[in-house]
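Morning, everyone. Please put the model up on the screen, and we'll walk through it together.

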Amino acid sequence: MRGQTQAQAPSPGERAWRTALYLLSASTAASALVDFDAGRLAHGLGDLGVCALLLGLQVQFPFVRAFVASGSAGGDPTRVRADLLKLAEDLRARHPWAEHAGRVGWVLLGTSLVLRLFGID
């Protein structure tokens, strides 16, 4: 985590992560459109919720990479925790839309669940 700069080029893993999440989010958005066209409101809202969550995860790869690296590297746990919190705050500041997308995703998934519990497909 130390030595990382904000202008660091994305790694091949990060590019693969973002591409996979983008393709998955596009497929769930397409599935939502099909569900809405077929009159399945709850299913469509659930698919849109998953799409929003996947889009919000796209920018989280640096945190995931740092988290995995912190588990394998020895060191002061307090310092590792502080570094991870700092990185999370930095990502949140650079990509505020990702947190909003995640919140919207969870609300849509919850709405879908409630509709399904009441028998609305």
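Glutamate 99 is partly exposed, because its relative accessible area is 31%, between the 20% and 50% cut-offs. This is a predicted model, by the way. Glutamate 99 makes a salt bridge with arginine 92, and the closest N and O atoms are 3.1 Å apart. Arginine 92 is partly exposed as well, with a relative accessible area of 38%. Now widen the view. Salt bridges with shared partners tie Glu89, Arg92, Glu99 and Arg103 into one network. In total, the count comes to seven salt bridges.

Take arginine 79 and aspartate 83. Their side chains meet in a salt bridge, at 3.5 Å from N to O. Why are they separated by about one helical turn? Because they sit four residues apart in helix 4. Are the two partners buried or exposed? Arginine 79 has 41% relative accessibility, so arginine 79 counts as partly exposed. Aspartate 83 has 15%, so aspartate 83 counts as buried.

The other pair is aspartate 90 and arginine 94. Their closest N and O atoms are 3.2 Å apart, in a salt bridge. Both lie in helix 4, four residues apart, which is about one turn of the helix. Aspartate 90, at 21% relative accessibility, counts as partly exposed. Arginine 94, at 35%, is also partly exposed.

On to helix 2, residues 41-57.

Threonine 28 is in helix 1. Its relative accessible area is 15%, so threonine 28 is buried. Which residues does threonine 28 touch, leaving aside neighbours within four places in sequence? The contacts are Asp47, Val50, Cys51 and Leu54. Valine 34 is in helix 1 too. Valine 34 is exposed, because its relative accessible area is 52%, and the cut-off for exposed is over 50%. The C-alpha atoms of valine 34 and glycine 44 are 7.7 Å apart, while the two residues are 10 apart along the chain.

Quickly, helix 3, residues 61-72. Its 12 residues reach 17 Å from first C-alpha to last, close to the expected 16 Å. Phe61, Pro62, Ala66 and Ser70 are buried there.

Now the surface. Leu33, Phe36, Leu41, Leu48, Leu113, Val114, Leu117, Phe118 and Ile120 form a nonpolar patch, with about 900 Å² of accessible area together. Helix 1, helix 2 and helix 5 each give two or more residues to the patch. Which element gives the largest share? Helix 5 does, with three residues. Phenylalanine 118 comes from the segment after helix 5. At 70% relative accessibility, phenylalanine 118 counts as exposed.

Last, confidence. The protein averages a pLDDT of 86, and 92% of the residues score at least 70. Residues 1-5 stay under 50. For residues 1-5, the model has eight contacts beyond four places in sequence.

Note on methods: Residues are numbered from 1 along each chain as its sequence is written. This is a predicted model: local features need pLDDT of at least 70, side-chain atom pairs count only at pLDDT 80 or more; totals for chains, interfaces and linings use all residues. Side-chain values use heavy atoms; hydrogens and water are left out. Patches are made of residues with over 30% relative accessible area and no salt bridge: like charges are joined within 9 Å, nonpolar side chains (Val, Leu, Ile, Met, Phe, Trp, Tyr) within 5 Å. Accessible areas come from the Shrake-Rupley method with a 1.4 Å probe; for residues, only the protein chains shown count as cover. A salt bridge is a side-chain nitrogen of Lys or Arg within 4 Å of a carboxyl oxygen of Asp or Glu. Buried means under 20% relative accessible area, exposed over 50%, partly exposed in between (1.4 Å probe, protein chains only). Contact means heavy atoms within 4.5 Å. pLDDT is the predictor's confidence in each residue, from 0 to 100. The expected span of a helix is 1.5 Å times one less than its number of residues.
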